[in-house]
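Reader: I have a model open and want to learn how to read the surroundings of one residue. Where do we begin?

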Amino acid sequence: MRAIFLFLLIILCAIPASAQDTVETLLARASQGMRETRSLEAAFRQEKRIPFLDLPLMAEGKLCFHVPQSSSPYIFWEYRDPSRSGFQYEEDSILIWSESSQKDVPAAEKGFLKALVTQMLHWIAFDQEAIDKEYILASVAGKTRTVQLTPRKGSPVFKTIELEFSEDFATLSRIIMTGPQEDLTILTFQPLSINADLSGDCRR
């Protein structure tokens, strides 16, 4: 679960001069579009391709978030097929679950998930300054809505991440992560609603 959640940590930074204009344009459009997104409910499909396996490993689930102006953000991430597991962040507390267990723990006591949630909040708020500290960003040839991120300090989980924005730049449509052994993890998102009240399906 940790490796999968890391895919949501993503985004931005320094690039070759020849790609500067393209990247700056992407960031400007993404900044405007995503900062206007106060809530999102989306289905996702995950495909993991491992070199020594003939067929990819598939999973599906749901992502929801809400960023109210007067209270703390709410994040919900759940795998639903082939098995159920996930987490829910609300008011500095994290509820985590799997098919066999469920527990509610203070975020301060769950170091990894707390760090993950912090990164997700940086992305949701499009906190470019915070994101720039961790990633180097480059444009991707032939992909006008895609940026590539490389961790500044390296990572045992991934070498690069490609982020593909939706046509209106309000959300991400696809994340492609290349692992250290050239394995690929592809997350594809299908927004169900944007800037609307979250459904009851977005709560454990």
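Author: With contacts. This is a predicted model. Set aside sequence neighbours within four places, and Val147 is in contact with Leu26, Leu137, Ala138, Val140, Ile161, Glu162, Leu163 and Phe165.

Reader: Is Val147 buried or exposed?

Author: Buried means under 20% relative accessible area. Val147 has 0%, so it counts as buried.

Reader: Which strand holds Val147?

Author: Strand β8, residues 143-151. In a regular strand, side chains alternate between the two faces of the sheet.

Reader: How do β7 and β8 run, and how many bridges join them?

Author: They run antiparallel, joined by 6 bridges. Strand β7 covers residues 135-140.

Reader: How far apart are Val147 and Glu164 in sequence and in space?

Author: Check both separations. In sequence, they are 17 residues apart. From C-alpha to C-alpha, the distance is 6.8 Å.

Reader: Now zoom out. How many residues are in the largest nonpolar core, and which have the most contacts inside it?

Author: It has 38 residues, and Trp77 and Phe87 have the most contacts inside it. Helix α2, residues 20-35, gives the most to this core, with 5 residues. Another core lies apart from it, with 6 residues, including Tyr74, Phe76, Leu95 and Cys202.

Terms used. Residues numbered from 1 in each chain as written. Predicted model: local features only at pLDDT ≥ 70, side-chain atom pairs only at ≥ 80, totals over all residues. Heavy atoms only, no water. Core = buried A, V, L, I, M, F, W, Y, C linked by side-chain atoms within 4.5 Å. Buried < 20%, exposed > 50% of the residue type's maximum accessible area, 1.4 Å probe, protein only. Helix = DSSP H or I, 4+ residues; strand = E, 2+ residues; numbered from the N terminus. Contact = heavy atoms within 4.5 Å. Pairing = 2+ DSSP bridges.
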